[in-house]
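The points are grouped by topic.

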There are 2 protein chains.
Amino acid sequence: MTSKAPRSPDGVPDPALTPAARRRSRAHGPRAATAERREDILRSAMETFGARGYYNGSLAEVAERVGMTHAGVLHHFGSKDRLLLEVLEYRDRSDVEHLEGRQVPGGLALFHHLVTTARLNAQRPGIVQTYAVLSAEAVTENHPGQDWFRERYRNLRELITTALIEVCAEDDPPDPADLDSAAASVLAVMDGLQIQWLLDRDAVDLARATAFAIDAILASAVAGKRRVAAL
Amino acid sequence: MTSKAPRSPDGVPDPALTPAARRRSRAHGPRAATAERREDILRSAMETFGARGYYNGSLAEVAERVGMTHAGVLHHFGSKDRLLLEVLEYRDRSDVEHLEGRQVPGGLALFHHLVTTARLNAQRPGIVQTYAVLSAEAVTENHPGQDWFRERYRNLRELITTALIEVCAEDDPPDPADLDSAAASVLAVMDGLQIQWLLDRDAVDLARATAFAIDAILASAVAGKRRVAAL
């Protein structure tokens, strides 16, 4: 490969680079330029889908925000559906960036991590909005993010279930049905609070309410088995 | 008004009635026919918006499901935005239809009502889907349902706050910040569980998880003030 034209990792020349991007490409090599370009598009798509939803947000708008053409965006991501899935992965990575080894901790530390995430989220409404809109849109017929979200929730429920068991003494494990309810509820309350907070930021304290609810669910799953039957 | 042609309540002749609807109109009078027709459209719109979202669901599809024209739907509701708001009110009414005097109870009975609602919801995924999709879409820019949802959440949080105070002894009221957190969390966990359940009905027990979480939040707000600070 001797051509000076910027190429994507699969060797196809990129027709959509601006002059500045071409200069950057020459300075860092085509691979670095492509990676930067992809990240620009992912950020733009996250903003666009967050502001308008997936169906209502167009590739033309995603492209315009980064000074590219519609064809340029498709060159990097192939299709709007594919771009959505990459946006979802990109957003998920941002949740673990501040963690050691980018690994989510287990046991009680997992619940501290979730409360910390809510505190971070209170500073980044754009990312929260993207997630809230896309997760709910995913329940509509044939939405391209549906499998992704189903799998994500399954994995997270399992992570929380494992952490809850770790929190308990070995000779007094939690009720399995309570574990399922608690794991789903922890994720649910985080999601639901985000919607209320996005609609009414002065009325809802996202970080405090998340801490309160996770603590309440944790206490019931670990020590309050009796109470569910009473309600 | 002596004309035999069916008319809407504001006296405009309805151009979009099918022959069957015209016969029904003659039998019950134009007012009853119009009311039935409006309800048909509301049900159709609820299904359409639930299946596709508000932006992605078209008035043409709403009309087609009830054998009407696009113009006929607009004749009854004026605009797609207006139809959305009427759908939201219509859905809300279905939550209180089984209650005495259609009034939501206070005190501990409110929480029993919310758990009963979750049990009913587990039998009506269509209605749940409409609500889940529209409430999350409402956070997008300029969504016509935004004010309606903001107001709805404010009213419901106040209702829950009042009920929580009623549950407590007068000489030992709950912490005001806990009240706010608990009220938002009760609604949040109901909303969030619906999304997980819609994505994965075998994996999430909507009614049980809702009962578990509401019970946990209630216990913490009323008796567990100490715990929030510890997390």
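In this predicted model, helix α5(B) passes helix α7(B) in a left-handed crossing. Contributing residues are L84(B), V87(B), L88(B), R91(B) and S94(B) on the α5(B) side, and I127(B), T130(B), Y131(B) and L134(B) on the α7(B) side. Sorted by class, the α5(B)–α7(B) contact holds six nonpolar, two polar and one charged residues.

**Geometry of α5(B) and α7(B)**

- Helix α5 covers residues 80–96 of chain B and helix α7 covers residues 125–137 of chain B; their axes are 11 Å apart, at an angle of about 130°.
- The two helices α5(B) and α7(B) are therefore oblique to each other.

**α7(B) against α9(B)**

- Helix α7(B) also packs on α9(B), at an angle of about 120° and with the axes 10 Å apart.
- That angle makes α7(B) oblique to α9(B).
- The crossing of α7(B) and α9(B) is left-handed.
- From α7(B), the residues P125(B), V128(B), Q129(B), Y131(B) and A132(B) meet D191(B), Q194(B), I195(B), W197(B) and L198(B) from α9(B).
- Seven nonpolar, two polar and one charged residues make up the contact of α7(B) with α9(B).
- Y131(B) is listed in the contact of α7(B) with α5(B) and in the contact of α7(B) with α9(B).

- Helix α8 (residues 146–167) of chain A packs with helix α9 (residues 176–199) of chain B at an angle of about 115°, and the axes are 9 Å apart.
- This makes α8(A) roughly perpendicular to α9(B), since angles of 65 to 115 degrees are put in that class.
- Helices α8(A) and α9(B) cross in a left-handed sense.
- On α8(A) the contact residues are Q146(A), F149(A), R150(A), Y153(A) and R157(A), and on α9(B) they are I195(B), Q196(B) and L199(B).
- The residues of this α8(A)–α9(B) contact are four nonpolar, two polar and two charged.

**Aromatic rings**

- Over all chains, the whole structure has 10 aromatic pairs.
- One cluster linked by ring pairs consists of Y131(A), W148(A), F149(A) and Y153(A).

**Lysine over tyrosine**

- In chain A, K80(A) lies over the face of Y54(A), 4.5 Å from the ring centre.
- In chain B, K80(B) lies over the face of Y54(B), at 4.5 Å from the ring centre.

Technical notes: Residues are numbered from 1 along each chain as its sequence is written. Chains are lettered from A and ligands numbered from 1 in the order in which they are written. This is a predicted model: local features need pLDDT of at least 70, side-chain atom pairs count only at pLDDT 80 or more; totals for chains, interfaces and linings use all residues. Side-chain values use heavy atoms; hydrogens and water are left out. Axes are lines fitted to C-alpha atoms, for helices over the stretch in contact, and angles run from 0 to 180 degrees between N-to-C directions. Helices (H or I, at least four residues) and strands (E, at least two) are DSSP runs, numbered from the N terminus. Angles under 35 degrees count as roughly parallel, over 145 as roughly antiparallel, 65 to 115 as roughly perpendicular and the rest as oblique. A crossing is left-handed if the near helix is turned anticlockwise from the far one by less than a right angle, and right-handed if clockwise. Contact means heavy atoms within 4.5 Å. Ala, Val, Leu, Ile, Met, Phe, Trp, Tyr, Cys and Pro count as nonpolar, Asp, Glu, Lys and Arg as charged, and the others, Gly among them, as polar. Rings of Phe, Tyr and Trp (its six-membered ring) pair if their centres lie within 6.5 Å; planes under 30 degrees apart count as stacked, over 60 as edge-to-face and the rest as tilted. A charge sits over a ring if NZ of Lys or CZ of Arg is within 6 Å of the ring centre and within 35 degrees of the ring normal.
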